Amino acid sequence: MKPYALPISERRAYRGMLLDFNERTVSTSPIIKKAILNLLKSDTLQLYPEYGGLEVKLAKYAGVDSDQILITNGSDQGIDLVFRTFTETGDTVIIPTPSFAMFSQSACISGNKILRPMYAKKNLSFPLDDVLSMINGSIKLIVLCNPNNPTGTAVSIDGIEQIAQRAPNAIILVDEAYFEFSALTAVTLIEKYPNIIVIRTLSKAFGLSSLRIGYIVASKNYINEFSKIRGPFDVNMIAYTASLAALEDLKDMQRYVNEVMKKSKPMIEKFFFENDIRFYASAANFILYKPIQEQEEKILRDNGILVRAQDKTNIENTLRLTIGTIEQMKQFIKVYRNKILKKSKSIKYAFIDRDGTLIFEPQDTFQIDSIEKLKILDGVIPSLNKLSKKGYELIMVSNQDGLGTSAFPLANFEVPQNKMLEIFEKNGITFTKIYICPHMPSESCMCRKPKIGLVKKFLKVNQIDKNNSFVCGDRETDRRFAKNIGIKYVSMKTNGNFQTALSQGGIIV
Ligand SMILES: Cc1ncc(COP(=O)(O)O)c(C=O)c1O
């Protein structure tokens, strides 16, 4: 076994935002700090801890009886206790993967055999069917991290119930470290399914990570068993005192959670969405996303933001971002815009019209709606080839009036279009994007050339080399389209020679 490796040292000294450990990103409530100061002033540090009252408060908070609560030294200890209490060497446990490292750590300490159903590669959804199908009489323990760290994805309470029903002889360990953010809980199922054991923490929403305190919610007889294994003084008196105060000041925690989940998170999701940055739907106060730069974690770190790189199966090359306050997320977006989006390599694009430019356009109907009408114009294949070789990315932009209506059914368009692309592909030519406006001029859409609605998002997301990119087409709309983008226009004679047009337009191919 390897020890749990911390990603960087000296986090506390880092001057910037710590968005890498899913912690609360602002300090704890002043009521908590005051309670700790009072404890220090009481001059009782030399005494062993004396508990009482916290279980009652936690029970009320969780909606159970106080003999259903056991406080632990962080929920890490809760995980360890559940494994040590219920499993032995050689027992089989199910740990949906990838997930929080401590589950595997504890399973390895106990010498368990681990089955690992995988969170779905596509959207990192919980593998409910796989878990259900793995259940048999020999499974001792099933971990449900809800929501899961680091994917952020959740299993429904209904899903947990199905698992508990299917595995009445296994312990179902539900880790609710992010309960305050997700508002999802299996505590309500414990009465009906006593094999469900929930662990929670005050490290996250309450902001007590440094103090190490969590709790287990389970049926009474299990709490008795755990208390035989947990040390009598494993929770220190500062953590205990701080937790009592935290539960006195739920409003502070709720204000923070509301800001994170109702304001900051939608803001980040919108930003990622608008900038084509792939992210995974999360039920927690963090979000896993796909970086767009190779050195993105380092660039962020050099610019005052720590995020956590993930590189496990199905989440290869992703970054986990802790969501903080609105102000903090605005700062993240600012840095991301200036340092990551802007840093994208600027690329030369050739925006090329289709009909009359790449393929012959009949001057009676202006429609290329059958394979017979497909004729690639002179000079097109060699010139597109040369453009690609010279580092241009090819973008096709075409108005196809009334496409998809009875006057121009989609299928009639697709046959020659697909054939054309097939011919291009055989010649080593690939269009990075193909944009088609299907509207009639009378529809006043935002995407018909010369308007730039079709490529608006593309232009925003990609760093375009404006000095060297160009539009080539045979109509006035193409000229104005180029002007609207702010790049050069290369004029083509309708159905003329593409190569001649490019060289006359000063594009050396
Ligand atoms: C899913 C999950 N469980 C448990 C923990 C550990 O929390 P604690 O600080 O209470 O040990 C974490 C911390 O990141 C976590 O993500």
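**Contacts, folds and backbone exceptions**

Me: Which residues does N427 touch, not counting residues up to four places away in sequence?

Reply: Contact means heavy atoms within 4.5 Å. By that criterion N427 touches I381 and N385, with residues up to four places away in sequence left out. The C-alpha atoms of N427 and I381 are 7.3 Å apart in space, while 46 residues separate the two in sequence. This is a predicted model, in which local features need pLDDT of at least 70 and side-chain atom pairs count only at pLDDT 80 or more, whereas totals for chains, interfaces and linings use all residues. Residues are numbered from 1 along each chain as its sequence is written, and side-chain values use heavy atoms, with hydrogens and water left out.

Me: Which residues of helix α4 are buried, and what do they pack against?

Reply: In α4 (residues 101-109) the buried residues are M102, F103, S104, Q105, S106 and A107. They pack against α3 (74-86), together with the strands β3 (92-94), β4 (113-115), β5 (139-145) and β6 (171-175). After α4 comes G111, with a positive phi near 70°.

Me: Where is the place of Y119, and which residues does Y119 touch beyond four places in sequence?

Reply: Y119 is in the loop between β4 and α5 (128-134). Its relative accessible area is 1%, and therefore it is buried. Among the residues that Y119 touches are P96, T97, P98, C145, N148 and N314. T97 is 22 residues from Y119 along the chain, with 6.0 Å between their C-alpha atoms.

Me: Which peptide bonds are cis, and where is phi positive in a residue other than glycine?

Reply: Most residues other than glycine have a negative phi, and most peptide bonds are trans. Here the bond from N146 to P147 is cis, with omega near -5°, and a cis bond also joins N149 and P150, with omega about 15°. Phi is near 60° in N22 and near 60° in R212. N22, in the loop between β1 (17-18) and α1 (30-41), is buried because its relative accessible area is 1%. R212, in the loop between β7 (196-201) and β8 (214-217), is partly exposed at 28%.

Me: How many helices and strands are in the protein chain, and how spread out is the chain?

Reply: The protein chain has 17 helices and 17 strands. Its radius of gyration (over C-alpha atoms) is 30 Å, well over the 23 Å that the globule rule (2.2 Å times the number of residues to the power 0.38) gives for 509 residues, so the chain is more spread out than a compact globule. The C-alpha trace spans about 90 × 50 × 45 Å along its principal axes.

Me: Which domains does the assignment give?

Reply: Domain bounds come from an automatic or database domain assignment. It gives domain 1 (29-249), domain 2 (252-341) and domain 3 (348-504). The centres of domain 2 and domain 3, taken over C-alpha atoms, are separated by 36 Å. Five residues of domain 2 are in contact with four residues of domain 3.

How values were computed. Buried means under 20% relative accessible area, exposed over 50%, partly exposed in between (1.4 Å probe, protein chains only). Helices (H or I, at least four residues) and strands (E, at least two) are DSSP runs, numbered from the N terminus.
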